[in-house]
Amino acid sequence: MGLKPILFVPDPLLRKMASPVEEITNDIKQLLDDMAQTMYDAPGIGLAGPQIGELKRVIVMDCSRDEDGDELWQMINPEIIQIAKETTTLEEGCLSIPGHNADVTRPAWVDVRFTDINGTEQQMKAEGLLAACVQHEIDHLNGVLFIDHISKLKKNMIWRKVLKEVRHS
Ligand SMILES: [Zn+2]
């Protein structure tokens, strides 16, 4: 219960495929609440199950940045069902790759289908920062990191620094 330790690259769990949640048990609800708490504490705007070593298809997000209050999303088995043809580029970071940001180009909006914490199937149209965030978090469920979307040169640069930091910690 409560805060969970966040895994950092190059932890191999971050490259694993997460499994769908079959049943929304109290354990799953607790997990989603722990994830929200961990995300706010970090602080971050999104967190996916694999980032705390839970290989389940669950994500939490809050991209409101306190502008108009908390807007917490807790999604079970999220799935992108439609993507924009147009793209947009935003700077992204990741709680599992602390201290490294890069511009990432992704579809400008996406429609997402997911099950909420009460077991109700819902759909959401995400635009702007939320669109980037939900794609970033769903990527985590498939073992994909934002550095996989940037140039090889930039990725290698970040990777070299990450490995250096790991050796020194
Ligand atoms: Zn991330």
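Which side chain makes a polar contact with the side chain of histidine 100? In this predicted model, the partner is glutamate 165, at 3.4 Å. Histidine 100 sits in the loop between S4 and S5. Cysteine 94, a donor of the zinc ion, is placed in the loop between strand S4 (87-92) and strand S5 (102-107).

**Zinc site**
- Three protein donors hold positions 2.1 to 2.2 Å from the zinc ion: Cys94 (SG), His136 (NE2) and His140 (NE2).
- Along the chain, the donors are spaced as C-x41-H-x3-H.
- Cysteine 94 and histidine 140 are 46 residues apart and link distant parts of the chain.
- Histidine 140 belongs to helix H2 (residues 128-141).
- Cysteine 94 and histidine 140 are both buried.

**Helix H2**
- H2 is largely enclosed by the rest of the structure, because 12 of its 14 residues are buried.
- The buried residues include His136, Glu137, Asp139 and His140.
- Leu130, Val134, Ile138 and Leu141 are also among the buried residues of H2.
- The end C-alpha atoms of H2 are 21 Å apart, which agrees with the 20 Å that 14 residues should span at 1.5 Å a residue.

**Histidine 100**
- Its relative accessibility is 7%, so histidine 100 counts as buried.
- Beyond its neighbours within four places in sequence, histidine 100 is in contact with Glu92, Gly93, Cys94, Phe146, Ile158, Lys161, Val162 and Glu165.
- One of these contacts, Cys94, is also a zinc donor through SG.
- Another, Glu165, is the partner in the side-chain polar contact at 3.4 Å.

Key
Residues numbered from 1 in each chain as written. Predicted model: local features only at pLDDT ≥ 70, side-chain atom pairs only at ≥ 80, totals over all residues. Heavy atoms only, no water. Donors = N, O, S within 2.8 Å, 3.2 Å for Na, K, Ca; no water. Helix = DSSP H or I, 4+ residues; strand = E, 2+ residues; numbered from the N terminus. Buried < 20%, exposed > 50% of the residue type's maximum accessible area, 1.4 Å probe, protein only. Expected span 1.5 Å × (residues − 1). Polar contact = N/O pair within 3.5 Å; in protein donor to acceptor, adjacent residues only side chain to side chain. Contact = heavy atoms within 4.5 Å.
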